[in-house]
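Good morning, and thank you for coming.

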Amino acid sequence: MMSNNLPSIIEMIETLALISEDKDFLTRRYLTSQHKKVNQLVADWMSVAGMKAWQDPIGNIVGRYEGHENGLPALMLGSHLDTVVNAGKYDGMLGVVTAIHCVASLQRQGKRLPFAVEVIGFADEEGTRFKSTYLGSKAVAGTFDLDTLDRLDSDGISMKEALNTFGLDIKNIPQAARSKNEIAAYVELHIEQGPVLEDKNLAAGIVTEIAGATRLSVEIVGKAGHAGTVPLNLRQDALVTASECIVKLEKIAKASANTVVTVGEILIKPGASNVIPGNAQFTVDLRSTENSVRTKVENEIQQALQEICTKRKTKLITTKTHSAESTICSKNVINQLDDAFVKSGHPTYFLPSGAGHDTAAMSDLTETGMIFLRCREGISHNPAESVKMGDIEVGFQIMLKFIENFKPL
Ligand code: HGY
Ligand code: MN
Ligand code: MN
């Protein structure tokens, strides 16, 4: 997959992994100076691969390789360039740089197809900074909620302010939306982030559906007090209440098939060893492949948390920060991916995705599909995330075969 001027896929991955907000590990959030630096670097690579590159009004970076005539509908490929905190270096980035290499291969062969090919590096899929995910892909799909602009990050900076500082004008955000006849399909290559392909001893698989997700922000308001003088039965301890809630969440999710719940963040105030915590805030991430199950579990959680807070004389405030329905990938795209696997000499294996992906948001705009790549022990959202070099080559070959044979619906 070498291209004379482009770094290799793994060199690109290593270079991107060095552009981080933290000097000791990889964290790259939306609208930071590191996001700007990565957009510029990826735009340069896109240009070398023969694409016209531009940054759209929400901060996505886009490259376009025309078909056999200008202005044709595009097959869009890509993934996201933002990361979680202390992230792995493949989650998102691998899909963007593999797609760039596929276009570089078309350019080297002087190939022009009956459609354009676009590569997109989405600006914010994880939701790490403003707690609402798919911001870049929702803007492209035309489903971006302008209320999100008022969301604050952990430093109290609103998304609106952050966009201005980044040099983007919020009134142009609607222009990031693409129309249905501009984009023929969106296909994303991504690491599986789970252990199934490794267990099956397969390099790659085809995604059938993407689990829906709900994210809540929960605040428990108790009463701060002196650790030495307030008897236990008279306390309104926000942290003990939160602890009972978190254990209860797990019990409720365990009782529901194909459902997982995670509390990834917790903040206690005032945060002193001899003060009874008066305030606790934590996040809830709830996933299930069935929308009806996720809604049922969400209602059970709400009720259970309220009962615990009432019993402990604390106040419960829950805010839904994100909700995405389960998404079924397009049959037409799945069939053509199946064909690309066979033509590339790889067995086809179908599997669902427990993780969310920009593909879910793009399904509101166009036909979508995903290629999953095996990752070691299924580890992800962790610096130990890793992919075999040979599997990267497999992903590239399958994606290129898919592109060269793609037939828009
Ligand atoms: O959380 C997810 O499923 C994805 O990594 N954003
Ligand atoms: Mn992720
Ligand atoms: Mn991802």
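Helix α9 passes α11 in a right-handed crossing, a term for a near helix turned clockwise from the far one by less than a right angle, with anticlockwise called left-handed. In this predicted model, local features need pLDDT of at least 70 and side-chain atom pairs count only at pLDDT 80 or more, while totals for chains, interfaces and linings use all residues. Residues are numbered from 1 along each chain as its sequence is written, chains are lettered from A and ligands numbered from 1 in the order in which they are written, and side-chain values use heavy atoms, with hydrogens and water left out.

The two helices, α9 at residues 331-343 and α11 at residues 389-405, pack at an angle of about 120°, with their axes 8 Å apart. That angle makes α9 oblique to α11. Under 35 degrees would count as roughly parallel, over 145 as roughly antiparallel, 65 to 115 as roughly perpendicular, and the rest as oblique. Axes are lines fitted to C-alpha atoms, for helices over the stretch in contact, and angles run from 0 to 180 degrees between N-to-C directions. Helices (H or I, at least four residues) and strands (E, at least two) are DSSP runs, numbered from the N terminus.

Which residues of α9 and α11 make the contact? From α9 they are Val333, Gln336, Leu337, Ala340, Phe341 and Lys343, and from α11 Ile398, Lys401, Phe402 and Asn405, where contact means heavy atoms within 4.5 Å. By class, these residues divide into 6 nonpolar, 2 polar and 2 charged. Here Ala, Val, Leu, Ile, Met, Phe, Trp, Tyr, Cys and Pro count as nonpolar, Asp, Glu, Lys and Arg as charged, and the others, Gly among them, as polar.

Helix α11 also meets α3, residues 93-109; their axes come within 9 Å and cross at roughly 55°. The pair α3 and α11 is therefore oblique, and the crossing is right-handed. On the α3 side the contact includes Leu94, His101 and Leu106, and on the α11 side Ile392, Phe396 and Ile403. The contact of α3 with α11 has 9 nonpolar, 5 polar and 1 charged residues.

Among the contacting residues are Cys245 and Leu249 of α7 and Ile301 and Leu305 of α8. The classes in the contact of α7 with α8 are 9 nonpolar, 1 polar and 4 charged.

I turn to the domains. The chain is divided into domain 1 (9-210 + 327-405) and domain 2 (212-324), with bounds from an automatic or database domain assignment. Their C-alpha centres lie 33 Å apart, and 13 residues of domain 1 are in contact with 9 residues of domain 2. The area buried between the domains is about 750 Å², of which carbon and sulfur atoms give 41%; buried area is the accessible area (1.4 Å probe) that two parts lose on being put together, summed over both. Lys131, Thr133 and Arg151 supply 47% of the area that domain 1 buries against domain 2, more than any other three residues.

Two backbone details remain. A cis peptide bond, with omega about 5°, joins Lys269 and Pro270, and Pro270 lies in the loop between β10 (266-269) and β11 (275-276). Tyr134 has a positive phi, near 65°, and lies in the loop between β4 (116-122) and α4 (135-141).
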